[in-house]
Amino acid sequence: MDFDTPLAEAWVRAIAAAVEKEQSRLTELDSAIGDGDHGSNLHRGFTAALTALDGLEPAGPGAVLTKTGTTLISKVGGASGPLYGKAFRAIGTALPEPAGPAAVAEALSAGLDAVRLLGKAEPGDKTIVDAWTPAVAAFRAAAATGATLPEAAAAAADAAEQGARDTVPLQARKGRASYLGERSIGHQDPGATSTALLFRTLAESLTT
Ligand code: ADP
Ligand code: MG
């Protein structure tokens, strides 16, 4: 099984559905250490991405993800819009067709590079990087040992969820939450939480 155009579309639709379902949780997390708009930011962005995809004759899975990224950048004002937007554009640009596990690992890694280039966050800064980094590492390690795409994506989703949970004791050093200083400790980062959703929905899209 390869990462093809139907899978790319299914992934974006699954993200939109998951964001809608988890919107209030993401908002709650962002209310604790931010301004409470992370859920609505992503809901607006991925709803717009679905509309954009409806009118698109995609030239491949990369084009689907690139279009999604461009839409997120133009529709989401918060920090997460440009960060996720750049990530999806980088993944889309890096994704060959057809893409097997190793190629998908490299594309996801390009997404992480784009996030880090724009946001300048290091692992441990309590951001989406803290879920994305272990997810890419797990995906790559699985691919290197011959895992299938569903297996590699499941490993990445588990790692992203652990990474998100591991943000709880961290003090935020980037973004709005960093204004709270030590008061950001003890809360799970909203962006790391939504990154875990991205990887979980990828794994689910590969098994349904
Ligand atoms: P805003 O902070 O502008 O309200 P959101 O609420 O949509 O935007 O997104 C907040 C999330 O963005 C944070 O939980 C954090 O994970 C992520 N974030 C903020 N700044 C950065 C950064 N510089 N690098 C990576 N992620 C970041
Ligand atoms: Mg916010």
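Start by selecting Asp37: at 22% relative accessibility it counts as partly exposed, where buried means under 20% relative accessible area, exposed over 50% and partly exposed in between (1.4 Å probe, protein chains only). Before you go on, note that this is a predicted model, in which local features need pLDDT of at least 70, side-chain atom pairs count only at pLDDT 80 or more, and totals for chains, interfaces and linings use all residues. Residues are numbered from 1 along each chain as its sequence is written, chains are lettered from A and ligands numbered from 1 in the order in which they are written, and side-chain values use heavy atoms, with hydrogens and water left out.

Zoom out and colour by secondary structure. You'll get 8 helices and 0 strands, both taken as DSSP runs numbered from the N terminus (helices are H or I, at least four residues; strands are E, at least two). The C-alpha trace spans about 45 × 40 × 30 Å along its principal axes, and buried residues make up 52% of the 208 residues.

Next stop: helix 5, residues 101-119. Its 19 residues should span 27 Å at 1.5 Å a residue, and its end C-alpha atoms are 27 Å apart, which agrees; the expected span is 1.5 Å times one less than the number of residues. Its buried residues include Pro101, Val104, Leu108 and Val115. Show helix 1, helix 4, helix 6, helix 7 and helix 8, which are among what covers them. Just after helix 5, check Lys120, which takes a positive phi of about 60 degrees.

Of its 56 residues, Phe3, Phe46, Leu65, Leu108, Trp132 and Phe139 touch the most other members. Helix 1 gives the largest share, 9 residues. Pick Leu65 and list its contacts (heavy atoms within 4.5 Å): leaving out residues up to four places away in sequence, they include Phe3, Trp11, Phe88 and Leu95.

Technical notes:
Core = buried A, V, L, I, M, F, W, Y, C linked by side-chain atoms within 4.5 Å.
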